[in-house]
Amino acid sequence: MEDTDSSSNNHVIEESVSEIEEVFPGSPTSANAEVVIEVRNLRKYFSIQSKSLLFTKTLGYIKAVDGIDLQLFSGEVLGLVGESGCGKSTLSKTIVGLEKPSLGQVWYRDANIHQPIDKVERLQIRRNIQMVFQDPYTSLNPRRLIKDTLEEPLLIHHPEMTKEDRLGAVYKILQQVGLESYHGYRYPHEFSGGQRQRVGLARALIMNPEVILADEPVSALDVSVQASILNLMQDLQSEFNVAIIFIAHDLSVVKHVSNRVAVMYLGRIVEIGPTEEVFDRPSHPYTVSLISAIPFADPTVKKRKVILEGDVPSPVNLPPGCRFSSRCYKVQDRCKEEDPILELKRGNTWSACLFPEDEPVLFFEER
Amino acid sequence: MSDVEDESNKLLEVVNLYTYFRTESGIVKALDGVTFDVRKNEAVAIVGESGCGKTVTAQSILRILPKNGESVEGEINYMGVDLLKLTSKQMRTVRGKEIALLFQDPLSALNPVFTIARQMTDVISLHRQVDVEEARQIAIDMMNRVGIPEAETRIDDYPHQYSGGMRQRILIARALSLEPTLLLADEPTTALDVTIQAQVLDIIRSMQKDMGLSLMLITHDLGVVRETTDRVHIFYGGRVVESGPTANLFLNPKHPYTIALLESIPSFKKGKGKLATIPGVVPQLINPPIGCRFHPRCVYATDICKTRPPIEFIGDDRKIACFHWKEIDEQRMKNKGSK
């Protein structure tokens with residue numbers, strides 16, 4: 001079991017710094033894009049403890065995020081997909097600063113998110129990285145008017161604004177997300193699910209952030225409502241030129257909204273690349289099986305059928321070698337010994353597999 | 001398709017069913033004249049968005065409605081017997097033995113303090129004339145058939161020792177161990193991840209074929225419907241708006257609601273353009289729109305839509321409840337031709 005006390009931490013960090021120079025999987029989708037978020041060798045372990053009267057014993061670690069390097073470029077939408085327990089939510093919480101990493105760092109431009117040098121920098125980080133949650137009902141205070149909820153960040157970040165200015169900003173953002181100013185004088189329970197998600201977007205956008213983390217923003221909604229929220233997100237994304245990390249388990253949704261996509265499995269990114277490339281010709285067998293598992297409503301879509309055996313292994317006892325080897329349909333002996341790293345496989349797609357795939361999974365018939 | 005309207009082919013027929021709920025704010029008309037059928041050996045889907053009456057339909061069939069709900073009118077003919085007319089004692093022999101139900105959340109459908117063996121054999125010995133040892137053997141066989149490894153030893157485990165996908169397999173095994181004729185599955189894979197969902201759907205499908213039973217799959221996921229079922233009934237606002245063979249209906253939807261619904265899902269084929277949306281919200285069933293329930297949100301609606309549209313047979317084993325479907329269809333064909 002890996003030790004996470006401070007002395008051994010330093011050792012690992014030094015080791016990884018030398019690697020960082022060359023390995024940053026994925027490249028920007030547009031030429032003048034800048035790096036806004038940089039995740040360096042991020043690890044987040046949760047300890048499993050048994051507590052007796054006097055002693056607390058650590059039995060092991062849940063390796064929720066286990067070595068992730070990632071760059072997010074300005075104005076892009078990065079889709080993050082993977083099954084439950086793969087660490088997508090832990091990764092996003094660590095990026096916004098809700099969780100402290102066990103190892104590694106997250107940088108917002110020149111600022112370390114978890115160690116801001118002063119209050120000004122901390123406020124600047126907070127202002128520029130906002131979050132949209134899955135369930136907008138539990139993330140809005142039921143006792144406060146929507147206008148008060150939306151106004152609060154302005155009070156903290158822009159104390160110079162007058163009351164009129166603040167209200168003006170609230171009305172403006174409500175209109176931008178497709179609501180009316182009178183909606184500000186309602187409580188969260190008076191809204192439908194789709195409208196509440198619009199409020200959730202308004203709350204994130206009112207600070208005019210550079211990065212938004214959207215954790216399953218449409219999975220609680222019905223399809224017809226989901227479509228309107230996705231349209232709205234696309235409009236707002238180009239209007240505000242904000243970079244979005246879009247977490248979802250629905251691959252069709254991710255395909256629709258994102259420029260790049262990262263596939264996670266058991267705490268690691270196993271494949272990352274431009275959306276079209278990854279979905280047209282996935283390279284990692286896990287991506288292949290994920291795409292093959294999507295049920296399609298369109299009868300003209302035909303697919304290669306890959307049904308995975310078994311369940312996702314526990315992130316406490318990882319299989320030796322490649323983490324996917326226990327479920328992989330093309331597993332070889334080598335896979336159980338070697339832990340593959342992310343490498344550039346084809347075009348701009350990086351994947352961590354010793355025997356990558358090179359065939360399409362989906363076929364589209366003409367009507 | 002000559003045998004389509006053959007009465008003997010029908011296993012379950014719901015005719016003009018009205019189910020109401022009494023609530024503090026008034027009467028909720030959850031089902032408002034629902035008519036559909038399930039045939040022998042086929043997989044049928046009931047599809048719709050939240051609040052359209054999918055789950056209430058299953059509860060009405062099994063007569064397990066919450067206390068404030070009641071099926072006030074209509075017939076539920078199962079193999080020629082109207083289930084609504086049975087005594088509650090007779091009904092108990094139908095539930096499980098004839099019509100089995102599979103729930104959405106497998107953890108809350110299993111009792112955490114009893115072993116799987118206890119929970120499976122209880123059900124088996126209640127409905128089948130077997131002793132304890134035989135019941136256990138039936139349970140183990142069934143668990144093997146749904147792909148639970150080491151069923152002989154794992155049967156003595158508790159529900160929390162299984163993963164979500166495995167728990168759903170146990171519920172399938174338990175439901176099928178009574179050899180029912182009809183399996184009602186209410187969102188059986190909604191709580192599962194895609195790769196596990198694919199496994200579970202694969203099992204449900206192959207068990208349905210092997211055991212020659214009929215499946216009524218209730219879901220909101222149009223993809224699951226397309227890949228699992230032969231026929232589909234589209235629900236909206238407590239009524240059936242369109243029915244037909246799944247592939248045919250998804251390729252050529254005719255009801256404006258079905259058309260809009262299919263266009264609003266992001267597809268792998270479509271580009272990054274705007275998704276089609278349906279304006280407005282799902283109707284409140286306390287005070288539903290008069291006439292066609294979809295007319296306030298429908299782009300084709302006219303004055304006649306304020307009366308209830310009749311259900312029309314339109315060939316190819318398809319039914320539709322819309323006044324304007326012909327014009328809409330012609331217009332869509334023209335648009336397709338000109339592209």
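In chain B, strands β1(B) and β2(B) form a hairpin, with two residues between them. The model is predicted.

Is V132(B) buried or exposed? It is exposed, because its relative accessible area is 64%, and exposed means over 50%. Now relate V132(B) to E98(B). The two are 34 residues apart in sequence. In space, they are 22 Å apart, C-alpha to C-alpha.

One is nonpolar. L53(A), L54(A) and F55(A) make this patch, which covers about 460 Å². Where does L54(A) sit? Its place is in the loop between β1 (35-51) and β2 (56-73) of chain A. L54(A) has a relative accessibility of 70%, so it counts as exposed.

The other patch is positive. It is formed by K100(A), K119(A), R122(A) and R126(A). K119(A) is found in helix α3 of chain A, residues 119-128. Why does K119(A) count as exposed? Its relative accessibility is 57%, and the cut-off for exposed is over 50%.

Look at α2(A), residues 88-96, where seven of the nine residues are buried. The buried set holds K88(A), T90(A), L91(A), S92(A), T94(A), I95(A) and V96(A). Step just past the helix to G97(A). There, the backbone takes a positive phi of about 95°.

Helix α10(A) covers residues 285-293. How many of its nine residues are buried? The count is nine of nine. Among them are P285(A), Y286(A), V288(A), L290(A) and I291(A). T287(A), S289(A), S292(A) and A293(A) are also on the buried list.

Notes: Residues numbered from 1 in each chain as written. Chains lettered and ligands numbered in written order. Predicted model: local features only at pLDDT ≥ 70, side-chain atom pairs only at ≥ 80, totals over all residues. Heavy atoms only, no water. Pairing = 2+ DSSP bridges. Helix = DSSP H or I, 4+ residues; strand = E, 2+ residues; numbered from the N terminus. Patch = residues over 30% accessible without salt bridge, like charges linked within 9 Å, V, L, I, M, F, W, Y side chains within 5 Å. Areas by Shrake-Rupley, 256 points an atom, 1.4 Å probe, with all protein chains shown as cover. Salt bridge = Lys/Arg side-chain N within 4 Å of Asp/Glu carboxyl O. Lys, Arg positive; Asp, Glu negative; His and termini not counted. Charge placed at Lys NZ, Arg CZ, Asp CG, Glu CD. Buried < 20%, exposed > 50% of the residue type's maximum accessible area, 1.4 Å probe, protein only.
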